[in-house]
Amino acid sequence: MNTGKVDVLLGLQWGDEGKGKVVDVLTPKYDVVARFQGGPNAGHTLEFEGQKYVLRSIPSGIFQGGKVNIIGNGVVLAPDLFMGEAKDLEKSGHDLKSRLHISKKAHLIMPTHRLLDKAIEAAKGKNKVGTTGKGIGPTYTDKISRNGLRVGDILENFEQKYAQHKERHMKRLAELGWTDFSTLEETEKVWMEGVEYMKSFKFVDSEHEINNILRSGKDILCEGAQGTMLDVDFGSYPFVTSSNTVCAGACTGLGIGPNKIGNVYGIMKAYCTRVGAGPFPTELFDEVGKKIRDLGHEYGAVTGRERRCGWCDLIQLRYSCMINGVTQLILMKSDVLDTFPVIKACVGYKLPNGEETQELPYEIDGVEPIYKEFKGWNTDMTKMTSEDQFPAEFKAYIQFLEEFLETPIKVVSIGPDRDQTIVRK
């Protein structure tokens, strides 16, 4: 029996690695693209034909002709934000209703989840996590405590179910001392419009749909959001997201057996960034860090927040390759380092007790990076069309990365456009 294959694409750092562009480059080879976790805190930016799109909940394969895109059960969905995003795409001429399917088991982010997000962060004071305030954490909390409201609930007695959940949230907000409900009524109005709008899409039992697609011999690309170091189990806890961003999340977030997974594409930047609070061993606070931020346009696609920037952390990346079973690496934003005379990469940590290690410790706060230096390539790579044109210094850097991470680098991105992508032989 000819079954299709499932490949997984995910970020290996703290998110913002450039997943949207890569999904868009890879999707022509696949029949279906599916999102398996996360919520509208994702911001997958795609640029082509002079247009820029930022996708938050909708899979990045939506621009590829008539392909089916699936929002899986592991995703949390805000109807109002989904409606805004989908209508923007429809305006640009993309027909979504016939080819975007939504899992009935995906959980809904309610307006009161957003208030809970803000109230919980405010209560933490200086220990706050730095969430995007979109209600994602509280929605996953409800899911795990078996109190969630799901897409499938829209189909029956929805208003009654909604009122029960809202009442529970209001009690919790009172306990937290939250008093600002000025935006709730307006938000709820748009949210309910979003629920009505969602009804024009196909709600599916995505686990059946996905496995039937595989049985018919078609191939699926699973698209992860955020990055490995934001995984609730393996990331820099507690400064993480509320879902499993690692490869295993594709199994639980879509209903796929682990034996179905083939290639795991791991995306990494040629340097490293992080948004919000939490440890970041290779963070730069000097002019070099500022230069990386400016050249790389390192500002959040959704929030506009300045991203923290630093050198590539190969200890952290090797850990991510191990956890995810990465089979191929995709190196993004190499061109940002085109003008640096010296490039550094972290190849070990010095622990607070003076010991050195090449393994990611339980606590990375307070570790000191041990750097290896590379001669910069000082060449504009943005117009190159094949790897034969790469400068010798850049080739040496790639070779070192492949050896240290024990994984081949298959694709190199040298600019934001779809065309600025070099597939290596």
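Let me start with a term: buried means under 20% relative accessible area, exposed means over 50%, and partly exposed is in between, with a 1.4 Å probe and protein chains only. The model is predicted, so local features need pLDDT of at least 70 and side-chain atom pairs count only at pLDDT 80 or more, while totals for chains, interfaces and linings use all residues. Residues are numbered from 1 along each chain as its sequence is written, and side-chain values use heavy atoms, with hydrogens and water left out.

R308, then. At 18% relative accessibility, R308 counts as buried. It sits in strand β13, residues 308-310; strands here are DSSP runs of E with at least two residues, helices are runs of H or I with at least four, and both are numbered from the N terminus. Leaving aside neighbours within four places in sequence, R308 is in contact with C272, T273, R274, G276, A277, G278, P279, F280, E283 and R293. Contact means heavy atoms within 4.5 Å.

Next, the annotated positions. UniProt, in an unreviewed entry, places the feature "active site" at D16, H44 and K143; such annotations may be inferred rather than shown by experiment. D16 lies in the loop between β1 (6-11) and α1 (19-26). Its relative accessible area is 28%, so D16 is partly exposed. Beyond four places in sequence, D16 contacts K269, T273, V275 and R307. K143 belongs to helix α4, residues 136-144, and is partly exposed at 27%. With residues up to four places away not counted, K143 touches N73, G74, H107 and G148.

On to domains, whose bounds come from an automatic or database domain assignment. There is domain 1 (6-105 + 203-265), domain 2 (107-199) and domain 3 (268-423). The C-alpha centres of domains 2 and 3 lie 37 Å apart.

Last, a pocket: on a 1 Å grid over the protein atoms alone, an open set of points where a 1.4 Å probe fits, with protein on both sides within 12 Å along at least five of seven lines; lining residues have an atom within 4 Å of a point. The second largest pocket has a volume of about 250 Å³, that is, the space filled by probe spheres set on the points. Of its 13 lining residues, G235, S236, Y237, P361 and Y362 are the closest to the centre. Where does the second largest pocket lie? Domain 1 and domain 3 both give residues to its lining, so it lies between them.
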